[in-house]
Amino acid sequence: MNHINNNADDPSFFQHTLKDSFTCVGRGLHTGLKIVMRVTPGEPDSGIVFVRRDVDSRRSEIQALWNNVSDTRLSTTITNSRGVRVSTIEHLMAALYASGIDNARILLDGPEVPIMDGSAAPFMSLIRQTGKSQQAAERRAIVIKQSISVSDGDKFAGFLPSPVPWMELEIDFDAKPIGKQKLTAPLHEVVFEKDLAEARTFGFREQVNTLHKLGLAQGGSLVNAILIENDEIVNQEGLRFEDEFVRHKMVDCIGDIALIGAHLMGQFSGVQTGHQMNNALIHKLMLHEYAWEYTTVREASKFWRQIMELPHTDDELANEIMSKLDLHIH
Ligand SMILES: [Zn+2]
């Protein structure tokens, strides 16, 4: 999705949904329950809506939006005004967002999205197999016009202006198999599918007992997570990427960004960030209206074209933009 173009019928200007429905069955990472999930097409402008089929239909819908986030311990949970919740939405949200699916209804017979293999890849391939359908409504965009950030000690998360949706993430863990890892990538469907989607959730043996006592990670196992014990990876199959950890964290960040409810036109930058900090960043962004503009992808694309054609713009910004475009093209 390159938004710097002049084609009036560019598909990236329009909302998309799924061509058809798909179903998957799996365990919930935290509840351990077996859950059937059916992902179905959604009406234009309806966004991503979770529907709990095991709950009274008058209160079963939960809109996947940042202001419905109620719990960020290990996974993202959203709750509606009637107190009905759905957990571990982030890998599915990331796959839908990266695939350019704006509208979908996700029917669940339990309180959690199935964890599958701990990565976004199963969702990505189901979305690919099902196909996308273009809708008449214009795709909504949030254009970042001024940088905004949150920080806590050595943790940081921020949004920066960028004509190309962009991700930058750094993690630093004491555990030897992880250490310091850094990744920079355009937020793009092909990059997501090839370089990010397969990266799995990870956890530490030392934390397993504590998590179980909190009622979390009941469904966690070596088939849906990388487990680290005494600085070693327990999983016999090893890693899918040498830096699988930062790749997975980037998937998580994309899942959190997807809750903004529009197409982010800007850069996300994170250091040691997680679901809680990412949600705090979106809250801060929404409060600082000077930092962003709610528009359409079509208009946002025009905005960036104008900025880039203007002579004597802020040198720093222009240089930053140009260097990113170079990276994007090559
Ligand atoms: Zn995750």
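These exercises go through salt bridges of the structure above.

The model is predicted: local features need pLDDT of at least 70, side-chain atom pairs count only at pLDDT 80 or more, and totals for chains, interfaces and linings use all residues. Residues are numbered from 1 along each chain as its sequence is written, and side-chain values use heavy atoms, with hydrogens and water left out.

**Exercise 1.** How many salt bridges are there by the rule?

Solution.
- The rule asks for a side-chain nitrogen of Lys or Arg within 4 Å of a carboxyl oxygen of Asp or Glu.
- The count by this rule is 18 salt bridges.
- Some residues form a network: salt bridges link R128, K132, E189 and E193.

**Exercise 2.** Find the partner of E244 in a salt bridge, and state whether E244 is buried or exposed.

Solution.
- The partner is R200, with the closest N and O atoms 2.7 Å apart.
- E244 lies in helix α5 (residues 244–257) and R200 in the loop between α3 (189–196) and β16 (202–204), 44 residues apart. Helices (H or I, at least four residues) and strands (E, at least two) are DSSP runs, numbered from the N terminus.
- Buried means under 20% relative accessible area, exposed over 50%, partly exposed in between (1.4 Å probe, protein chains only).
- E244 has 0%, so E244 is buried; R200 has 3%, so R200 is buried.

**Exercise 3.** Classify R140 and D45 by accessibility.

Solution.
- R140 and D45 form a salt bridge, the closest N and O atoms being 3.4 Å apart.
- R140 is in strand β11 (residues 140–144), D45 in the loop between β3 (34–41) and β4 (48–52).
- R140 is partly exposed because its relative accessibility is 31%; D45 is partly exposed because its value is 47%.
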